[in-house]
Amino acid sequence: MDALNTINNVFLIIAAAIRSLFADPHSVWANLTMDVINFIIVVIIVVLAALILILLERKVAGWTSQRPGPNRLGPRGWFQTIADALKLMGKEDITPAGADKFIFKIAPMIIFSLPMMTLAVIPYGNGMAPINLDLGIFYFLAISAISTVAFVMAGWGSNNKYSLLGGMRAVAQMISYEIPLLFSLLGVVMITQSFNLGVIVEAQKTVPFILIQPLAFVIYIIAGLAEVNRAPFDLVEADQEVVAGPFTEYTGLRWGLFFLGEYGNMTAVSALAATVFLGGWQGPAPIPGWVWFWMKVGIIIFFMMWARWTFPRIRIDHLMHLAWKVLLPLSILNIFLTGLGIYIYRLVMGG
Amino acid sequence: MENKVLKEQVEKLAAQVNGEVEEIIGELVLKVKASYVIETLKGAKSFPNIPCDFLHDLCGVDGVDHLEAVYQLTSLRGPQRLRVKAIIDRENPVIDSVTSIWQGANFLEREAYDMFGINFKGHPNLKRIYMWDDFEGYPLRKDYVTEPIEVRNIVRTRIEGE
Amino acid sequence: MTIEKTEELLLNMGPQHPSMHGLFRMVVNLEGETVTKIDPKMGYLHRGIEKLAESRTYSQFIPYTDRLDYLASPHNNWAYVQTVEKLMGLEIPERAEYLRVIFGELARIASHQVCIASTALDMAGWSAWSYAFRDRERICDMYEMTAGSRLTVNNMRIGGMSNEPPAEFWPALKSFLDDTPEMLEEYNGIFFGNEIAQGRLKSVGILSKELAENLSITGPCLRASGVNYDVRKAEPYSIYDRFDFNVPVRYGCDSYDRTIIRMDEIVESVKIIKQAVRDIPEGPIMAKVPKVIKPPVGEVYHRVENPKGELGFYIVSDGTTKPARLRIRAGTFINLQMLPIVSLGWKIQDVVAIFATLDAVLGEVDK
């Protein structure tokens, strides 16, 4: 049991060890060091997630559409993404002549930085949230809303009509889907009376919220897919219509940053789903909590990829109908039902 | 052959429009002057019982001393087929457009204009369709000289504002 | 005070664009996402095949026809060689006719599979695309066994066929035909049955029957608008009068019917091939043809039912070894006329889908 605990808390032990190097383990300098280390870890998570997910995406794509997928470089093609990343770094960095240079250059950086900010509040294990925010969900949604601005910046700055169309689509789509996304999470917040992700995970000790809030989970997954621009809601970068939307004019590493950002966002949304609905790091032993967490995230990511390679792309007016006429009423209904449930529960329990 | 009934009709029409009727490899051909083309095609479209009302194809042919516009007419309701040839003056290649009868003649007439320089009067958008707008000459005419690309140097200049 | 108003966006799609099926270009006026005007431009793949024909002998021209509708090259060969045979009055052996029917119908299946695949792909249905292409590979393999090439087959000659299919061709053909119902079931499951796909295709891009006739539309697009017309039935060429098959007709006039009618046609093609395989006689595959092909003075027009529309050849012969004028009536070139008309008022996404359902091959459009 001791060994298991050690594995379970291995990161906490390491953190404590680092802190103990300082004379006062809770001094300003110790906190700062820990923050820097946490930051580096989150960056590593985003970059690793992108590297692994791109490969995984292609493997899943191959599996879904009955073809081999990458199979040349390294054992079973496992090194393909690394080669692709190296190739991207070697590409020429082109800025279009008529581009708004500052906006054009800063947009991919913003997109890349957002998932790092959102992933910082996720509890990866018991007490393992890099930043333990009381307003965790609120912060998460507020930060991820910024990506809309970044897409518009990229679309406008590129001085390309396809990019502009893509940017406009991004605004319409992401703002519409933010509302059902937010409302679907409110049910859980009402039950736990807290925005803190750590508290929400603790509350799922016995039953994960997916069983109490199944409707909210479905709404969250659909709105989340739309929020990270994954098929069938990938209208922003719809290559058959607007070539690559806001990314059309980007090359090399700047384009790579968009890619990292996309997969980082995907990880963040899946991580939030795993935390809020699937019980986060909670799970029966003997598997350590942080493994449980990543397994749940992996399942949701796999589902997203599966959906992407199976469904055709939805039309823009259907997309809006879905958000405003289906998901929004359903999510409000869910809030209403949750409130009713809590009221009855209190009435019955006499609380 | 089923051409019998059709032939009667075509001959009647030919008398109206001063055309001549031939039969080449089982198919009726009606030759008319360019000025009669609308009348002829309208007549063919409204043959009783066996209308040739589907414009199957339209193309230009260079007959060396004259140009021809060849209309292949069929029908979706029967096996009848008729080929109408309009003889066009080579020096002044003008003919009435049939887009008022069949909208489907749009691209076909543009192509014939592009390749033979036949001017279709009344066409809504008579521009070159395959070659670029400032291309000179009409490639499918017999007197068109094909030169190697180095000699002709057909490099398209970009017009400002495109 | 100036009145602010929204401006139309002029968007130039193509010739380099992911969903333009080759080198097609259209200039689209957009009001938001809604299309207000389309101006199709072609000619980026124009090779002047009609002009080339005038400097080639009749047999030399056969490989050029492969490059017209390169997704159904046997049909182009077939239309051309039949036109020349009609001009010369040649009779060709029975076995060659049957082989031509088999290859023609295989090409129809392959071409329709590509159409279904590319329609799916233009709506981002990646898996549906690769399913259809996976099955098309098997047809390409059969081409390869016989003719050595996988796309531009070129195994028809004036007077017959170039070579007999090898022994392994027949079992491959049989297993392919046996598997087709399963394949169609898969396409239905992954694409046509999908809610999103139906939402995007149904009642989009209506081409009414009257408009279709007026625009000289042919092929599946015409039949999806409720016109029962197929050259194979209306004016049977080759030996089509010997086979028992139906002409699928649909009455929806929309993108959905224009796509799914190709599924029905695959079923009919399989039926025809099965009958052809059953009835094929033994014998020579090449008629006695003079060494130098020199048709008499005259002119001939012949058309066949290409998978995408009617393909016609009009040859004017002046009695020499080269045609005086060779005209290709390309089905998709004429079918393309409907694009600016039917896609008005739809979203730009729909225009891409409508263009895909037309199944335009730019090799044929541009000639």
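**Exercise 1.** In this predicted model, find where confidence is lowest and where it is highest in chain A.

*Solution.* Confidence is lowest in helix 1 (residues 2-8) of chain A, with a mean of 69. The highest value, 89, belongs to helix 10 (residues 214-227) of chain A. For chain A as a whole, the mean pLDDT is 84, and 98% of the residues reach 70 or more.

**Exercise 2.** Determine whether chain C is as compact as a globular protein of its length.

*Solution.* Begin with the secondary structure: chain C has 15 helices and 8 strands. Then turn to burial: 56% of the 367 residues in chain C are buried.

**Exercise 3.** Describe the side of chain C that touches chain B.

*Solution.* Count the residues: the contact takes 29 from chain C and 26 from chain B. Among the elements of chain C that give two or more residues are helix 1 (49-53), helix 8 (209-214) and strand 7 (309-317). The largest share, 4 residues, comes from strand 6 of chain C. By type, this side of chain C divides into 11 nonpolar, 8 polar and 10 charged residues.

**Exercise 4.** Identify the residues with the most contacts inside the largest nonpolar core.

*Solution.* Helix 4 (residues 94-122) of chain C gives the most to the core, with 16 residues. Leaving out residues up to four places away in sequence, Tyr220(A) touches Leu181(A), Ser184(A), Leu185(A), Ala273(A) and Phe277(A).

Technical notes
Residues are numbered from 1 along each chain as its sequence is written. Chains are lettered from A and ligands numbered from 1 in the order in which they are written. This is a predicted model: local features need pLDDT of at least 70, side-chain atom pairs count only at pLDDT 80 or more; totals for chains, interfaces and linings use all residues. pLDDT is the predictor's confidence in each residue, from 0 to 100. Two residues are in contact if their C-beta atoms, placed from the backbone, lie within 7 Å. Ala, Val, Leu, Ile, Met, Phe, Trp, Tyr, Cys and Pro count as nonpolar, Asp, Glu, Lys and Arg as charged, and the others, Gly among them, as polar. A nonpolar core is a set of buried Ala, Val, Leu, Ile, Met, Phe, Trp, Tyr and Cys residues joined through C-beta atoms within 7 Å. A residue is buried if 20 or more other C-beta atoms lie within 10 Å of its own, exposed if 12 or fewer, and partly exposed in between; C-beta atoms are placed from the backbone. The radius of gyration is taken over C-alpha atoms; the globule rule is 2.2 Å times the number of residues to the power 0.38.
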